[in-house]
Amino acid sequence: MILGSLGSRLNRAINKLLGKPTVDERAINEFLLEIQRALLEADVNVKLVLKISRRIKERALKEKLPPTVSRKDYVIKLLYDELVNLLGGKKPLFKIRGKSTKILLVGVEGSGKTTTAAKLAKYFKKRFGRVALISSDVIRPASHIQLADMVREEEIPVFWKENATAAEIIGEGLERFKNYNVILIDTAGRHKDEQGLMNELREYFEITKPDHVLLVLDATIGQAALKQAKAFKEMVPLGGAIITKLDGSAKGGGALSAVAEAGVPVYFAGVGEKIDDLERFDAGKFLSRLMGMGDLEGLIDRIDHAIEESELLEKMSSGKFDMDDFRQYVKGLERMGPLDHLISMLPGIKIPSDRILAVGEESLRKWDAIINSMTPEERRDPSLIRGARIARIARGAGATQGDVRNLLRAYNQMRAFLSGKRVPRLLRGLMKRYGM
Ligand SMILES: Nc1nc2c(ncn2[C@@H]2O[C@H](COP(=O)(O)OP(=O)(O)OP(=O)(O)O)[C@@H](O)[C@H]2O)c(=O)[nH]1
Ligand SMILES: [Mg+2]
C-alpha cells in the first residue's frame, strides 16, 4: 500500500463531500479538516497543509462557477490542483540525448542508490538501447555484486575494478562505455560525516561531468527530505530526484512535498525491491491512483474544459475575440466539447458549420503551428498581419502563405459572425439563462 492510508483518507473525504446534497461553508470546512488530518498524518509540513486548505477554502467560496460545474466538483478540482502542485506539478522526463548520456546517482547511505541504478538501467534500456552501469562504491565493495545480480538477466554491463579509487573507476568506466547511449553511475553513500560525503560528491561530479545528477531519497524519512535535498543541491546541480520505498512508507507524502518544496523535481518512484518496481512519477496520475479514483483525471479535465469554455463564451459575448480565443475555439471544436454544444443551442443561429466544423485534424495542427508563429501582439490584433508578416509567419510555421491567409479568413469570418449585433445579444441571453 503506497503512502499508508493517505489515499483512502482522501478518497473517503471526497466521497463524503460528493454525498452531500449541497456544499456550503460548513461542508467545506468539514472536508478541509479531513484533508488536513490526512496530509499531516502523511508527514506533510503543517505550514504547507494550512496554506493549501486556506487557498481551497477561499477559492471554493468566492469564485464564480461556470454553469456546467457544480461546487462539489469544483472543490475537488481545487484540491486536486493544490495536491498536484504540492507534489511538484506535472513535468516531462528530463532529456536523454540518446548518445553517451551520463547520469550520476547520489544519496545518503541506504537510500536505495544501487537498487535504483539497476532499475533505471532496465528502464532506459527499453527506451534508449545500449545502457551500461558503473559501480564506483569502494566503501562497500560488494555493491558491484549487488548491482550485477540485479541486472543479470538484462544483459547490462557493470563496470567495477578491484583496488582502485572511485575516481579511477569512474574515469575508466566512462572510457569503456563511451559508445553507449546511457551510462549510470552508482556512488557510495556511507561516510564518517556529511562533509566527507559532500566533498567526495564534488569530486565525482567533476570527473563524470554528468548530464544529470539524480538524488536518491528514502521516502521513510518524510519531511526531513527537505534538509537532505537542500544539502545536496548546494553541493552539486541536482537535476531531479527519485523517491524510493514509497511502497512501504506512510510518510511518503511528506518526502514528496518536501522535495518539491526544495525545488527538485521527482522523476521516478521506487515501489519495491525488485528491478521492475520503478514507476515514472507523474503527480497527476499518482494522485488518481493514490486516491483510488481512476476517473479523477477525467473529471478534472472536464471541469478545466468547462471553465475554459465559459471564459471563452464570455469573451465572445463581449465582442472581443482575438487569435488566442480563436485557437481555443478551434481546439474546442476538435474536442467537440460543451462550447460547441452551447453554440448549437443558440436559438435561431446557424453556426457556419460547413466551413468551421469541416476543418480536418491536419489543418487544426497546421493552424496551431501558424498561430504559434505569430507574435503576442499579432495574436491580440490580427489585423496587423499583412504582407511581409504573412511570409514570416508562414516560414516560422513551415506552412504556405496560402495557409496563413486561409486561417486569417476563417478567423475573420468567425469574428464577423460574432460581432453581428444579434449574436452577442443571444450569447448574453444564453449566459443569463445559465446564470453566468
Ligand atoms: N521496499 C523497497 N525497498 C527498497 C526500495 N529501494 C531500495 N530498497 C531496499 O533498500 C535497501 C537499501 O538499498 P540499496 O540500493 O542498497 O541502497 P544504497 O543507497 O545503494 O545503499 P548504500 O550503498 O549502502 O549507500 C535494500 O534492502 C533495498 O532492497 C524500494 O523502492 N522499496
Ligand atoms: Mg549502494
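Which strands does helix α7 (residues 166-176) lie across? Helix α7 lies across β1, β2, β3 and β4, and runs at about 165° to β2, where axes are lines fitted to C-alpha atoms, for helices over the stretch in contact, and angles run from 0 to 180 degrees between N-to-C directions. This is a predicted model, in which local features need pLDDT of at least 70 and side-chain atom pairs count only at pLDDT 80 or more, while totals for chains, interfaces and linings use all residues. Residues are numbered from 1 along each chain as its sequence is written, and chains are lettered from A and ligands numbered from 1 in the order in which they are written.

View 1. The 8 strands follow the order β3-β2-β4-β1-β5-β6-β7-β8, with mixed pairing; helices (H or I, at least four residues) and strands (E, at least two) are DSSP runs, numbered from the N terminus, and two strands pair if DSSP finds at least two bridges between them. Because β3 (158-159) and β8 (278-280) stand at the edges with a single partner strand each, one side of each is left without a neighbour in the sheet.

View 2. Strand β1 (residues 101-106) pairs with β4 in the parallel sense over 4 bridges, with K102 and I183 as bridge partners, and strand β2 (residues 131-135) pairs with β4 in the parallel sense over 5 bridges, with V131 opposite V182.

**View 3. The largest nonpolar core.** A nonpolar core is a set of buried Ala, Val, Leu, Ile, Met, Phe, Trp, Tyr and Cys residues joined through C-beta atoms within 7 Å. The largest has 101 residues, of which L133, A229, I243 and V259 touch the most other members, and helix α4 (residues 71-86) gives the most to this core, with 8 residues.

**View 4. The surroundings of ligand 1.** Around ligand 1 there are 22 residues, and the closest are G112, T114, T115, G189 and G270; a residue counts as near if its C-beta atom, placed from the backbone, lies within 6 Å. Helix α5 (residues 113-128) provides the largest share of this shell, 3 residues.

Note on methods
Buried ≥ 20, exposed ≤ 12 C-beta atoms within 10 Å, placed from the backbone. Contact = placed C-beta atoms within 7 Å.
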